[in-house]
Amino acid sequence: MAGEPQDDCLFCKIVDGSIPATIVRETGTTVAFRDINPQAPTHVLVIPKAHHRDAAALAAAAPELAADVLRETQAVADEEKLESYRIVFNTGSGAGQTVWHAHAHVLGGRGLQWPPG
């Protein structure tokens, strides 16, 4: 069910503390932690504590929570002293989503060319 922790979800396990992560920020509704396979000098994931399959499902079911995630991407960028950065939401396996829990990638600290990938 949307919003409920999932036993097989890596990010739900990070939220509940059963899997360790390098947490850089935490609020009542979100957790931000360093990516274990960074693609830039700063690569932080910002996730809602509530489980939603992807960014589209999160936005549809809980727009206020989606806004919390976006606010936290800015807070991460500020704390990391990033002058410019990229926020990425991969939605679906064809777009590179591998963990089925909505999450934003905050990437910065190097030039990020366009188009990505």
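Because the model is predicted, local features require pLDDT of at least 70 and side-chain atom pairs count only at pLDDT 80 or more, whereas totals for chains, interfaces and linings use all residues. Residues are numbered from 1 along each chain as its sequence is written, and side-chain values use heavy atoms, with hydrogens and water left out.

The protein chain contains 3 helices and 5 strands, taken as DSSP runs numbered from the N terminus (helices H or I, at least four residues; strands E, at least two). Their order from the N terminus is α-β-β-β-α-α-β-β. The radius of gyration, computed over C-alpha atoms, is compared with a globule rule of 2.2 Å times the number of residues to the power 0.38. The value for the protein chain is 13 Å, close to the 13 Å that the rule gives for 117 residues, so the chain is as compact as a globular protein of that length. Along the principal axes, the C-alpha atoms fill a box of roughly 40 × 30 × 25 Å. Of the 117 residues, 38% are buried (under 20% relative accessible area; exposed is over 50% and partly exposed in between; 1.4 Å probe, protein chains only). Among contacts (heavy atoms within 4.5 Å) between residues at least 6 apart in sequence, 53% join residues at least 24 apart.

A nonpolar core is defined as a set of buried Ala, Val, Leu, Ile, Met, Phe, Trp, Tyr and Cys residues joined through side-chain atoms within 4.5 Å. The largest such core comprises 14 residues, and those with the most contacts inside it are Ala-32, Val-46, Leu-58, Val-69, Val-76 and Val-106. Two or more residues each come from β3 (42–48), α3 (63–79) and β5 (104–108), with α3 giving the most, 5 residues. Residues up to four places away in sequence aside, Val-46 touches Val-31, Ala-32, Val-69, Glu-72, Thr-73, Val-76, His-103, Ala-104 and Val-106. A second, separate core has 9 residues, including Ile-14, Phe-33, Leu-45 and Ile-47.

A search of the whole structure identifies 1 aromatic pair, the criterion being ring centres of Phe, Tyr or Trp (its six-membered ring) within 6.5 Å, with planes under 30 degrees apart counted as stacked, over 60 as edge-to-face and the rest as tilted. The rings of Phe-11 and Phe-33 have centres 5.4 Å apart and planes at 75°, so their arrangement is edge-to-face. Phe-11 lies in helix α1 (residues 10–16) and Phe-33 in strand β2 (residues 30–34), 22 residues apart; both Phe-11 and Phe-33 are buried.
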